[in-house]
Amino acid sequence: MHFDSFADFIAMGGYGFYVWLSFGSCALILLGILFSSLNDTKRIFSSVKQQALREERIKKAKQEAGQ
């Protein structure tokens, strides 16, 4: 599409409000998904680390009890 000026580009033939609103809401949704995924990944790695430490403590306790 060809626009004569930047103002025409922003106006998008009279549909600028809807176009830019949809772009903005899409960007917010994608950012929300990104931050949610990063948070979930951090939480999962933390949980795995805690589980590994817990299993190590249990293993150590069993070895000490067997001696």
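**Exercise 1. Find how many salt bridges the structure holds, and describe the partners.**

Step 1. The term needs its cut-off, namely a side-chain nitrogen of Lys or Arg within 4 Å of a carboxyl oxygen of Asp or Glu. With this criterion, the structure, which is a predicted model, holds one salt bridge.

Step 2. The partners are arginine 43 and aspartate 40, whose closest N and O atoms are 3.2 Å apart. Side chains of opposite charge can pair when their charged atoms come close.

Step 3. Because arginine 43 and aspartate 40 are three residues apart in helix H2, about one helical turn separates them.

Step 4. Accessibility is sorted into buried (under 20% relative accessible area), exposed (over 50%) and partly exposed (in between), with a 1.4 Å probe and protein chains only. Arginine 43 counts as exposed at 51%, whereas aspartate 40, at 31%, is partly exposed.

A note on the basis of these values: residues are numbered from 1 along each chain as its sequence is written, and side-chain values use heavy atoms, with hydrogens and water left out. As the model is predicted, local features need pLDDT of at least 70 and side-chain atom pairs count only at pLDDT 80 or more, while totals for chains, interfaces and linings use all residues.

**Exercise 2. Trace the ring pairs that involve phenylalanine 9.**

Step 1. Rings of Phe, Tyr and Trp (its six-membered ring) pair if their centres lie within 6.5 Å, and planes under 30 degrees apart count as stacked, over 60 as edge-to-face and the rest as tilted. A search of the whole structure on this basis gives five aromatic pairs.

Step 2. One of them joins phenylalanine 3 to phenylalanine 9, with 5.5 Å from centre to centre and 75° between the planes, which is an edge-to-face arrangement. Phenylalanine 3 is partly exposed at 24% relative accessibility, and phenylalanine 9 is partly exposed at 31%.

Step 3. Phenylalanine 9 also pairs with tryptophan 20, and since the ring centres are 5.5 Å apart and the planes stand at 70°, this pair is edge-to-face. Phenylalanine 9 lies in helix H1 and tryptophan 20 in helix H2, so the pair ties together parts that are 11 residues apart in sequence. Tryptophan 20 has a relative accessible area of 32% and is therefore partly exposed.

Step 4. Taken together, ring pairs link Phe3, Phe6, Phe9, Trp20 and Phe23 into a cluster.

**Exercise 3. Locate methionine 12 and describe its backbone and its accessibility.**

Step 1. Methionine 12 sits in the loop between helix H1 (6–11) and helix H2 (16–66).

Step 2. Its phi is positive, about 50°, although methionine 12 is not a glycine.

Step 3. With 19% relative accessibility, methionine 12 counts as buried, and 3% of the 67 residues of the protein chain are in that class.

**Exercise 4. Describe the overall form of the protein chain.**

Step 1. The protein chain has two helices and zero strands.

Step 2. Its C-alpha trace spans about 85 × 15 × 15 Å along the principal axes.

Note on methods
Helix = DSSP H or I, 4+ residues; strand = E, 2+ residues; numbered from the N terminus.
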